[in-house]
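Follow the stops in order, selecting as you go.

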Amino acid sequence: MTGAVAGLVLSLGMIAPPVMAAAPEGYDINSASSLQVVVNKHRQLNPAAYVPASLVRVQGERLRSQAADAYKQFAKAAKAAGVNVMPISGYRSYSEQASLYDSYVRQYGQATADTIAARPGYSEHQTGLAMDIGNASGTCALQACFANTPAGQWAAVHGWEYGFIIRYPAGAGATTGYTYEPWHLRYVGRAIAEDMQIKKIATLEDYFSLEAAPDYLP
Ligand SMILES: [Zn+2]
């Protein structure tokens, strides 16, 4: 680098410090089959009716094999610590998601339905990488108070060790498009889950420097 260029870089740097990329390079967040795919209200799965190739059973629910292995380790460690974590909802197909979403639209209207369930093709559950968990007792199932239950606490404290994040954290609805869902675990792999923990980055949108996705695009 010549002295002139170095001086220019330095002076530009002083005016506007370069923004460090939040996430390391090399992750595929676009392919539906990627373990790091980012799905939100601005990012529909491609193809919309994507079906994962390797779905395996986990206590009556289904997950991609990598996520299933991680989930089993997660639940086993919880049990060893005296916490009984139960799977509530894992993989949902495009048509299952359509039925769910349509039933909410009929009951509550589209505006409210959009705050409760994803539209088909926009759900993390369709990736086979998301699992809604509960307590074996059923306490606070799919409610914000789940966060204060043994399974909710276990997930919040230890989920990252198994490659899971709380995908819809408290207070991040303007970014993720969803209110707090302490029960919704998303498998992203240990490296990212740990990195987000260390850097205190709460959402995949922020981690990958993506635009906020509070609502569907018109
Ligand atoms: Zn969920």
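Begin with the sheet. It is open, has four strands in the order β3-β4-β6-β5, and its pairing is antiparallel. Strands here are DSSP runs (E, at least two residues) and helices are H or I runs of at least four residues, numbered from the N terminus. Two strands pair if DSSP finds at least two bridges between them. This is a predicted model, where local features need pLDDT of at least 70, side-chain atom pairs count only at pLDDT 80 or more, and totals for chains, interfaces and linings use all residues. Residues are numbered from 1 along each chain as its sequence is written, and side-chain values use heavy atoms, with hydrogens and water left out.

Zoom in on β3 and β4. They pair in the antiparallel sense over four bridges. Select Pro87: opposite stands Ile133 in β4.

Now show α2. This helix lies across β3, β4, β5 and β6 and runs at about 145° to β3. Contact means heavy atoms within 4.5 Å. Axes are lines fitted to C-alpha atoms, for helices over the stretch in contact, with angles from 0 to 180 degrees between N-to-C directions.

Which residues touch the most other members of the largest nonpolar core? Select Tyr71, Phe74, Val85 and Ile133, out of 30 residues in that core. Such a core is a set of buried Ala, Val, Leu, Ile, Met, Phe, Trp, Tyr and Cys residues joined through side-chain atoms within 4.5 Å. Buried means under 20% relative accessible area, exposed over 50%, and partly exposed in between (1.4 Å probe, protein chains only). Two or more residues each come from α2 (65–80), β4 (130–135), α5 (150–158), β5 (164–168) and β6 (181–187). The most come from α2, with seven residues.

Stay on Phe74. Leaving aside neighbours within four places in sequence, its contacts include Val85, Ile133, Trp154 and Leu185. Then find a second, separate core of 12 residues, with Ile29, Val38, Ile201 and Phe208 among them.

Last stop: the one disulfide in the structure. A disulfide is a pair of cysteine sulfur atoms within 2.5 Å. Select Cys140 and Cys145, joined S to S at 2.0 Å. Their link is left-handed, with -115° about the S-S bond. Is each end buried or partly exposed? Cys140 is buried at 19% relative accessible area, whereas Cys145 is partly exposed at 30%.
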